[in-house]
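Here is a brief report on a predicted model.

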Amino acid sequence: MKRIEIIFSQAVEEDLDLLLSTKGIKKYTKISGVMGQGESIPKKGDSIWPQLNTIFIIYCNEEELEVLKTIITDLRNAYPMEGIATFISDALEF
């Protein structure tokens, strides 16, 4: 089992939701209103940096992982100026 964390600008959220639904990825945890800074502009939700990020956490098998990699690649190609960070790790259900 794999754990995928996708951290992205809220500007991308609607398209990611649509891609996940279209490709059959229906199980995830969503954390909205996340502040931070990575390789793109800061997302602080204030008057200077008004945007915020969202995080999706998804647990999946290897087949679903390949689908998710394609989704992320497509999203990055569609939004090259938006921050879309993805981290993959092994997961063990307890």
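## Helix pair

In this predicted model, α1 and α2 pack at an angle of about 150°. Their axes lie 10 Å apart. Angles over 145 degrees count as roughly antiparallel, so α1 is roughly antiparallel to α2. The crossing of α1 past α2 is right-handed.

Which residues make the contact between α1 and α2? On the α1 side they are D15, L16, L19 and L20. On the α2 side they are L68, I71 and L75.

## Sheet layout

The sheet is open and has 4 strands. Their order is β2-β3-β1-β4, with antiparallel pairing. β2 (29–34) and β4 (84–90) are the edge strands, and each of them pairs on one side only. Direction ignored, neighbouring strands are turned by 15° against each other on average.

Both helices pack on this sheet. α1 touches β1, β2 and β3. The direction of α1 makes about 15° with that of β3. α2 touches β1, β3 and β4. The direction of α2 makes about 165° with that of β4.

## Strand pairing around β1

How many bridges join β1 to β3? There are 8, and the two strands run antiparallel. K2 has C60 as its bridge partner in β3. F8 stands opposite T54, also in β3.

β1 is joined to β4 as well, by 7 bridges. This pair also runs antiparallel. Here I7 has A85 of β4 as its bridge partner.

## Nonpolar core

The largest nonpolar core holds 16 residues. Those that touch the most other members are I6, F8, L16, L20, I58, L68 and I84. Which element gives the largest share? It is α2, with 5 residues. In soluble globular proteins, nonpolar side chains tend to be buried together.

L68 links several parts of this picture. It is one of the core residues that touch the most other members. It also belongs to the α2 side of the helix contact. Setting aside residues up to four places away in sequence, L68 touches I4, L20, I25, I58 and C60. Among these, L20 is on the α1 side of the helix contact, and C60 is the β3 bridge partner of K2.

I6 is found in strand β1. Is I6 buried or exposed? Its relative accessible area is 0%, so I6 is buried. Not counting residues up to four places away in sequence, I6 touches L16, T54, I55, F56, I58, I72, I84, A85 and T86. Among these contacts, L16, I58 and I84 are listed with I6 among the core residues that touch the most other members. T54 stands opposite F8, and A85 is the bridge partner of I7. I6 and F87 are 81 residues apart in sequence, yet 6.7 Å apart in space, C-alpha to C-alpha.

S9 is found in strand β1 too. At 0% relative accessibility, S9 counts as buried. What does S9 touch, leaving aside its neighbours within four places in sequence? S9 is in contact with K43, Q51, L52, N53, E82 and G83.

Technical notes:
Residues are numbered from 1 along each chain as its sequence is written. This is a predicted model: local features need pLDDT of at least 70, side-chain atom pairs count only at pLDDT 80 or more; totals for chains, interfaces and linings use all residues. Side-chain values use heavy atoms; hydrogens and water are left out. A nonpolar core is a set of buried Ala, Val, Leu, Ile, Met, Phe, Trp, Tyr and Cys residues joined through side-chain atoms within 4.5 Å. Buried means under 20% relative accessible area, exposed over 50%, partly exposed in between (1.4 Å probe, protein chains only). Contact means heavy atoms within 4.5 Å. Two strands pair if DSSP finds at least two bridges between them. Axes are lines fitted to C-alpha atoms, for helices over the stretch in contact, and angles run from 0 to 180 degrees between N-to-C directions. Angles under 35 degrees count as roughly parallel, over 145 as roughly antiparallel, 65 to 115 as roughly perpendicular and the rest as oblique. A crossing is left-handed if the near helix is turned anticlockwise from the far one by less than a right angle, and right-handed if clockwise.
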